[in-house]
Amino acid sequence: MNPDNIRIVLVNTTHPGNIGAVARAMKNMGLARLYLVEPRVFPHEEADWRAASAQDVLAHAVVCATLDDAIGDCQFVVGTSARERRIPWPLLDARQCAQRAARASVNEQVALVFGREDRGLTNDELKCCNLHLNIPSDPAYSSLNLAMAVQVVTYELRMLAVAGSLPVEQDEQWDAPFATRDNMERFYTHLEETLVDIEFLDPAAPRQLMARLRRLYSRVRLDEMELNILRGILTETQKWVKKARKTEG
Ligand code: SAH
């Protein structure tokens, strides 16, 4: 595991106190990379106060305009959610997720994404993730305070760091680097365009097609070479569609 490759991303946090408490939770568990996507108020004395001796984590926090900016260079992204969503994604608890994240962190950039205090993450934001993490809290009141949720997840990472070596998994010996978020987004745009070109996808009634395809590809995890092959197939398909349209017209 390499904690330097793991970042905690907070999306649209409302209360600066929570940001400070997250910084403290992170530093206690040996993590230092905090990304803030459009925080409502930051910096703020309440954040400093709640961070206690973790003000260095706040000082180095990266403030981003969009979630894409915060996770674009990551190969492995985990979204956290207190409740079930319409299209279920691979869902793990904090312990299982920590194992996957710790393994990925050896060679890859890993992001753990946390949502807004009032509404969590949007479905679109959750669709950018390889995995969803749910802390199996009591369904009668399932939503934890943001910093408490970060604490639970980072504690599980800490337990793995303290335990030492993880068993080596197939992924670690893969021969090509896994695709980054940015490249996956370019692929999804290209795929959607092509599916419209071949009239498989009706832009007027897209249903959940793209969400399901995203889920498929994020479950498999493409490497950069596989991604290039798929992009090549899409480009050729578009070329042939154009040719066919010309001869039709
Ligand atoms: N009402 C919101 C809860 C937001 S709590 C919702 O339904 O999603 C703020 C953030 O804390 C969440 O976006 C998530 O990142 C984290 N969180 C809170 N409870 C959690 C749980 N049980 N499992 C995983 N993450 C949780």
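Biologist: Which ring does the charged end of Arg-7 sit over?

Modeller: In this predicted model, the charged end of Arg-7 sits over the ring of Tyr-35, at 4.5 Å from the ring centre. There is also a lysine case, in which the charged end of Lys-243 sits over the ring of Trp-240, 4.3 Å from its centre.

Biologist: And how is a pair of aromatic rings described?

Modeller: A pair of aromatic rings is described by the distance of the centres and the angle of the planes. Here the count comes to three aromatic pairs. One of them joins Phe-187 and Tyr-188, with 5.7 Å from centre to centre and 45 degrees between the planes, and this pair is tilted.

Biologist: What kind of pair do Phe-187 and Tyr-217 form?

Modeller: Phe-187 and Tyr-217 form an edge-to-face pair, with the centres 5.0 Å apart and the planes at 90 degrees. Phe-187 lies in helix H8 (residues 181-197) while Tyr-217 lies in helix H9 (residues 209-220), so this pair ties together parts that are 30 residues apart in sequence. Through such ring pairs, Phe-187, Tyr-188 and Tyr-217 are linked into a cluster.

Note on methods. Residues are numbered from 1 along each chain as its sequence is written. This is a predicted model: local features need pLDDT of at least 70, side-chain atom pairs count only at pLDDT 80 or more; totals for chains, interfaces and linings use all residues. Side-chain values use heavy atoms; hydrogens and water are left out. Rings of Phe, Tyr and Trp (its six-membered ring) pair if their centres lie within 6.5 Å; planes under 30 degrees apart count as stacked, over 60 as edge-to-face and the rest as tilted. Helices (H or I, at least four residues) and strands (E, at least two) are DSSP runs, numbered from the N terminus. A charge sits over a ring if NZ of Lys or CZ of Arg is within 6 Å of the ring centre and within 35 degrees of the ring normal.
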